[in-house]
Amino acid sequence: ERAQQSLARCVAMEHRSPGGQAKALCPFGYGTRADRAAARATRTDRADHGMVGPSPHGGLVGRKSLVQRQLPPSMERRRWMTLLTSAAATTVLALLVCACASTAEPSPEVEAPPSATSGASSSAPSSRAPDRDRTPEPPVTYPTGPAPRIGLLVDSAYVPPDGEPSYPLPRLPRGADIVAATRLEDGLVVSDNRYFEGTNGLFLSTVDGVTAITPCTSGSGATNSDQTLAAWATFACPESGVATPATVHLRGADGTIRTQMVAAPNINALISAAGVLGDEVIVNRAFGSGAFVTDLDQAPRDLVGVASVAAVNEARGTIAAELSTFGWGVLDPTDAEPLFRSPQGSGLDEFSPDGDTVVARGLRRSNCATIWFLDAESGQERGTVTPGSRCIEQVVWEDDTHVLALVSPTRTTTVVFRIGIDGDLEQAGQDYPAATTLVQ
């Protein structure tokens, strides 16, 4: 009450004598800088130590009865307006949240399956099980059929099909592995993973031993449909700095090797054999920069509209290739216009041994577990199969109507699926180690 009376007197004195006695008597924001500092020091000292002393308003004040520092009327009104605005905004936000919560549909609850031993009714209510109690869905399993009827590379060792001879493999430095192999009538063409500036190691393996293909090579070689001819390319190693033209090699059934030096200036030194079409060799340039064909006698001729060749169909004289424009297609080597294109988002892989079907594989993360069987002449879809959720890493024809698809479900295991054009699906043999490759 005394504080209120003192405040009223100060206000009245301020109107009568602005800047005079009121500024000296009223400690709530008026007076000189020294007066305000002294008043703050006095209030702070009393508030901190609980002291009782004379108040500037008159009388005695203690720690709990100190008069709060007052604001001018204009600032006081602004403070109250700010508080009222904040309170109104908070109230509106709370009402909106409540309205949304009341109109939202309740989450459907998962009904627990009826117990086989309790005899409880299936209509009884149930609640959602906690996440920690959920078990992951078991992997999809398929019937197990016979082992692959083609060779395998397992941990850098060749595993031949039943009844066929084995072949020695090269001894590589520590850390290097055999990663691909192409089947020959009397041996294998194998490549390793010693990659350097686009090159890798390539070897010819027969019952007589292993021959290294030098000086530098790229790719894994190519063979014709009956596996009597094998082709590869060699060139000077890029790090040597020697401008030596690349050379195309074609090994015949009798073991003799024909060669041609490719001296055209527009041909990159990093080339690799993509296939054998009759007596001609299809060759890819480096990094999808084009392809050409040579009979090893005449000058090579470019394949127009082709970025790189994936497979050769000797039965129909066509090739499966990545096109220079976009996508993949099957075309005649003498014509730049494709006969048909593969489904969107897929790439062509291999032709069946009889040349009637070509298999396409998904290239995107969303479809990399799917393969398509297409008619090799019209492109009409003959079947689509998705054996699981994992990407298919390799596809090789086992016979005219089945392919083997290699999938790695874990980091330590590899599974081989046998997939038929009619949609039949089974696992081919046992699980294999992660370092497993199908021999083409």
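## Salt bridges around Arg 149

Let's start with a charged pair: the side chains of Asp 399 and Arg 149 form a salt bridge, with N to O at 3.5 Å. Asp 399 sits in the loop between S27 and S28, while Arg 149 is in the loop between S3 and S4, so this pair ties together parts that are 250 residues apart in sequence. Keep in mind that this is a predicted model.

Glu 398 belongs to the loop between strand S27 (392-397) and strand S28 (402-407), and Arg 149 to the loop between strand S3 (144-145) and strand S4 (152-154), so here the parts tied together are 249 residues apart in sequence.

Now for a bridge between strands. Asp 349 and Arg 361 meet through their side chains in a salt bridge of 2.8 Å, N to O. Asp 349 is in strand S23 (residues 346-351) and Arg 361 in strand S24 (residues 357-362), 12 residues apart. Asp 349 is buried, at 13% relative accessible area.

Across the whole structure, the search turns up 13 salt bridges.

## The four-stranded sheet

S23 and S24 also show up together in an open sheet of four strands, which runs in the order S23-S24-S25-S26 with antiparallel pairing. The edges are S23 and strand S26 (381-385); each has a single partner strand, so one side of each has no neighbour in the sheet. From one strand to the next, the twist averages 25°.

As a reminder, strands of a sheet pair through backbone hydrogen bonds, either parallel or antiparallel. Zooming in, S23 and S24 pair in the antiparallel sense over four bridges.

## His 249 and its surroundings

Next up is strand S13 (residues 246-251), where you'll find His 249. This histidine is buried, with a relative accessible area of 13%. The side chains of His 249 and Thr 234 are joined by a polar contact of 2.7 Å.

What else is His 249 in contact with, leaving aside neighbours within four places in sequence? Besides Thr 234, the list has Ala 230, Ala 231, Trp 232, Ala 233, Ile 257, Arg 258 and Thr 259.

In soluble globular proteins, nonpolar side chains tend to be buried together. Here, the largest nonpolar core has 20 residues, and those with the most contacts inside it are Ala 231, Phe 235, Val 248, Leu 250, Ile 271, Val 281 and Val 283. Strand S12 (230-235), S13, strand S15 (272-277) and strand S16 (280-284) are the elements that give two or more residues to this core.

Not counting residues up to four places away in sequence, Val 248 touches residues including Trp 232, Val 262, Ile 271, Val 281, Val 283 and Leu 296. Another core, of 15 residues, lies apart from the largest one, and among its members are Trp 397, Val 415, Ile 419 and Ile 421.

Technical notes: Residues numbered from 1 in each chain as written. Predicted model: local features only at pLDDT ≥ 70, side-chain atom pairs only at ≥ 80, totals over all residues. Heavy atoms only, no water. Salt bridge = Lys/Arg side-chain N within 4 Å of Asp/Glu carboxyl O. Buried < 20%, exposed > 50% of the residue type's maximum accessible area, 1.4 Å probe, protein only. Pairing = 2+ DSSP bridges. Axes fitted to C-alpha atoms, helices over the stretch in contact; angles between N-to-C directions. Polar contact = N/O pair within 3.5 Å; in protein donor to acceptor, adjacent residues only side chain to side chain. Contact = heavy atoms within 4.5 Å. Core = buried A, V, L, I, M, F, W, Y, C linked by side-chain atoms within 4.5 Å.
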